[in-house]
There are 2 protein chains.
Amino acid sequence: MKYYIGIDIGGMSIKAGVVNENGKIISKGACKTFTDKHYSIMVKDTFKLCEQILNDINLTKDDISGIGIGCPGTIWSDKGIITYANNLHFHKVPFVKEFKKYWDTEILIDNDANCAALGEYLFGSGKGSDNCIFITLGTGVGTGIILNGEIYSGKKGSGAEAGHMVIRINGEKCTCGRRGCWEAYASATALIRDTKRAMAKNADSIMNDIAEEHGKVSGRTPFEAAKRGDKAALGVVKKYVKYIGCGLVNLVNIFRPDKVMIGGGVSNEGDYFIDMIQKYVNKYHYGGRINPKAKVVKATLLNDAGIIGAASLAMKSNTK
Amino acid sequence: MKYYIGIDIGGMSIKAGVVNENGKIISKGACKTFTDKHYSIMVKDTFKLCEQILNDINLTKDDISGIGIGCPGTIWSDKGIITYANNLHFHKVPFVKEFKKYWDTEILIDNDANCAALGEYLFGSGKGSDNCIFITLGTGVGTGIILNGEIYSGKKGSGAEAGHMVIRINGEKCTCGRRGCWEAYASATALIRDTKRAMAKNADSIMNDIAEEHGKVSGRTPFEAAKRGDKAALGVVKKYVKYIGCGLVNLVNIFRPDKVMIGGGVSNEGDYFIDMIQKYVNKYHYGGRINPKAKVVKATLLNDAGIIGAASLAMKSNTK
């Protein structure tokens, strides 16, 4: 059995896991991300974390066949450079080179959504679908594209940013500076915004009670209320599905993948939610009755997608 | 020197040419498309046309290393089937199999925009750009995607339909049944619609005079008037550039190609037009100052794109 390490770098914490060749995590840990310190500190912390998760299961560096790193932002994989990661205050950071000072082995790095897409393709909901698309609905909309079994990310890894595909020209402002991006409608952030707007408009909606009960408005609020028959909430959910579906149909028309995998917290709404999206995609994809349908599924690696996805980068390279 | 035949099937006519391995047409001809007859008639006509263009330059079937066919609609290349072509009234037509009754040689078939993209990549404006996108602005918006030097067209060839990417949810009605597709804003048809609207609103615009002079409103009308300083016309042109740019930036963010090549009648507006699109793309693509810019260029094969593109399908396969 071969073992790999997958590292998932986030704005709040760095997670790492030892992953076996079947995509199972056999040891994992996490440490805090200090975004205000020099990147070399983060690299050192990451290395220590790796030592720790190996130590926990009595493995050594020699037992590891490769390391994969997933990181938000634009990652130039070929060079091992984090070109730009806003949340981490990273600009042209040679992460891999720095890490090799501690551990000189095969290390691969890619965007976190790309890693998650690869993980889902190899070990999760995308198994067997050589052309599939992963989207994660969170603070933003992250997308990872698998074509012919490989991550597609464009020149210097700066593509696969379908979250920044405009679906409403002149629409809602997006964090990227453009208006009307898919992310500005289909992210959990956008859902919460639209929920708050609907609550303000509909004082009698039970969304208000649910939010009060939980102490906040979350992506779950409109779903919970809609399931209890609240009209305004159902309106919010339907609109949200339409926004997600609109961008997905665009991607289906462009890529015509076998499968579209949906991850992120909102995907926990399960079949109720996924079925609505599937119906929308089937109804509006180009060449409706004639062209092959893209299957919409819930991503299955959940919170482990980051670690398994990152490890699968190394695995794929190692088994080539 | 090797020779290939490229066949360009259109709703009005079928064009065919003998193309040498340098991408030059050395003989060509055309015949009428009879869309009201059985497809076997069209195949027979196409074969006769091939015989004629060979005869014209004293070549025989044995001199030809392969045949490529470009056809509008959804083409399932692997099977040689035209899955669906609205203008030709074709539905699941086994074109290649039928053609082989007359000439049993290597025959490839693909969507016409995909062929044009390949032709531009091998012999035109895309030379040397292994990742590039071709768009043609005509009755609709056709798109062809070259990734790693190969046509990408998705499952059963039913992808690469970026013309049917919604850029304005709930927007203008598109021929595909959806609302707000890129095609409904960036096609020449849409430009003419918007020009007519602006003319009706601005009776004193010289667009009205130009249209009267030419006996019709065309895609050239607003450009000609804008160049003469007409404000309303400049408004139409700027909006049109914005629509084209919006969809292009979406594609750039997804694919991050080296180059975007623009074809179709409107592209004859030249540098004035191309420069405006380039500026828009540079301004709005994701990661503005950091990410690599996509170069916007005018496609160069013009009216020969269909024949050369189709021939290049056969060429590429023959030289693999």
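B:Cys71 is buried, with a relative accessible area of 0%; buried here stands for under 20% relative accessible area, found with a 1.4 Å probe on protein chains only. This is a predicted model, in which local features need pLDDT of at least 70, side-chain atom pairs count only at pLDDT 80 or more, and totals for chains, interfaces and linings use all residues. Residues are numbered from 1 along each chain as its sequence is written, chains are lettered from A in the order in which they are written, and side-chain values use heavy atoms, without hydrogens and water.

A:Cys50 is buried too, with a relative accessible area of 0%.

| A:Cys50 | A:Cys31 | 9.0 Å |

Now let's look at where the chains meet. The contact (heavy atoms within 4.5 Å) takes 41 residues from chain B and 41 residues from chain A. B:Ile169, B:Arg178 and B:Ile254 supply 18% of the area that chain B buries against chain A, more than any other three residues. Buried area is the accessible area (1.4 Å probe) that two parts lose on being put together, summed over both. For chain B and chain A that area is about 3900 Å², and carbon and sulfur atoms give 60% of it.

The interface also holds two salt bridges, each a side-chain nitrogen of Lys or Arg within 4 Å of a carboxyl oxygen of Asp or Glu. In a salt bridge, the side chains of B:Lys155 and A:Asp258 meet at 3.4 Å, N to O.

Technical notes:
A disulfide is a pair of cysteine sulfur atoms within 2.5 Å. Buried means under 20% relative accessible area, exposed over 50%, partly exposed in between (1.4 Å probe, protein chains only).
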